[in-house]
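Please find my notes on this entry below, as numbered points.

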Amino acid sequence: METEGARTDRLGLLLGQFDQAREMAQVRLTGLGDEEYLWEPVAGCWSVRRRGEAATPRAYGPGEWVLDKGAPDIPANEYAEVGRQAAGGMTVAKIADDWSVSVERVEQILAHTGEPESDEVPVTTIAWRLGHLHSCLAGRWEWTFGERRQEPKLLVDFTPSAALALERFWALIDGWRDSVAAVTEEQLDTVGFSQYPYGSDPDDPFIAVLAGANLEFIHHMAEIALLRDLWRARSTTPG
């Protein structure tokens with residue numbers, strides 16, 4: 001269905017949202033340099049680092065550079081998200097793996113008995129946000145439209161080069177968009193059409209997976225945009 005040239009069917013609405021978000025993101029990422037890409041606004045940031053220099057115990061990647069991962073606990077402000085994951089059909093084991101915590105810790109939180117063990121929510125660099133988003137979408141493409149066999153954490157060769165990271169990222173985004181555009185109505189409603197292992201995808205209809213992927217793209221790009229604003233303002237003084 002179209003209204004004055006705009007698609008109003010389910011897939012059309014999601015593609016339109018994604019396209020608009022992509023256009024805005026590409027404008028906001030124009031001119032990103034290496035120093036800004038790796039800028040750590042506070043101590044203890046998560047970022048892209050050389051293997052052996054990672055700030056976290058579960059940093060991952062196939063090459064010399066890895067992406068920090070490994071929060072010791074789920075921050076209290078994310079307990080509601082854990083509840084939503086469980087209500088949406090995600091198993092406790094999958095939730096635990098998603099947050100890098102024990103199954104017992106997730107069970108405590110779901111039972112409303114888990115006091116936060118850490119109040120710290122990690123601050124991340126632009127490199128981390130972009131790498132995380134790239135990794136998630138690359139894995140989701142592989143386990144939806146690809147061969148469904150490659151480990152998602154080994155699909156993206158992280159890099160300290162902003163230009164190279166963006167070149168690879170936009171190529172992945174274009175491939176994701178092309179594949180999504182060819183999805184049928186039946187596939188939209190198919191539970192488990194995506195078998196991406198680090199989420200609830202196998203238990204969800206694909207239209208819900210697409211809506212979640214759009215949200216992931218939008219919120220990470222908003223965070224990157226804020227980091228760019230802070231980078232520009234870092235050396236200015238009032239008055």
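1. For the charge count, Lys and Arg are taken as positive and Asp and Glu as negative, while His and the chain ends are not counted. The place of a charge is NZ of Lys, CZ of Arg, CG of Asp or CD of Glu. On that basis the protein chain has 22 positive and 39 negative charges, and their mean positions lie 3 Å apart.

2. This is a predicted model, in which local features need pLDDT of at least 70 and side-chain atom pairs count only at pLDDT 80 or more, whereas totals for chains, interfaces and linings use all residues. Residues are numbered from 1 along each chain as its sequence is written, and side-chain values use heavy atoms, with hydrogens and water left out.

3. Nine helices and four strands make up the secondary structure of the protein chain. These elements are DSSP runs numbered from the N terminus (helices: H or I, at least four residues; strands: E, at least two). Their order along the sequence is β-β-α-α-β-β-α-α-α-α-α-α-α.

4. The C-alpha trace spans about 50 × 45 × 40 Å along its principal axes.

5. Of the contacts in the protein chain with a separation of 6 or more, 66% join residues 24 or more positions apart (contact: heavy atoms within 4.5 Å). Buried residues account for 43% of the 239 residues. Buried means under 20% relative accessible area, exposed over 50%, and partly exposed in between, with a 1.4 Å probe and protein chains only.

6. The accessible surface of the protein chain is about 12,300 Å², and carbon and sulfur atoms contribute 53% of that area. Areas come from the Shrake-Rupley method with a 1.4 Å probe; for residues, only the protein chains shown count as cover.

7. Zero disulfides are found in the whole structure (a disulfide is a pair of cysteine sulfur atoms within 2.5 Å). C45 is in none, and its nearest cysteine sulfur, that of C136, is 19 Å away. That distance is too far for a bond. C45 is buried at 0% relative accessible area, and C136 is buried at 12%.

8. Which residue has a positive phi although it is not a glycine? R148 does, at about 60°. Most residues other than glycine have a negative phi. R148 sits in the loop between α6 (126-142) and α7 (162-181) and counts as partly exposed, with 31% relative accessibility.
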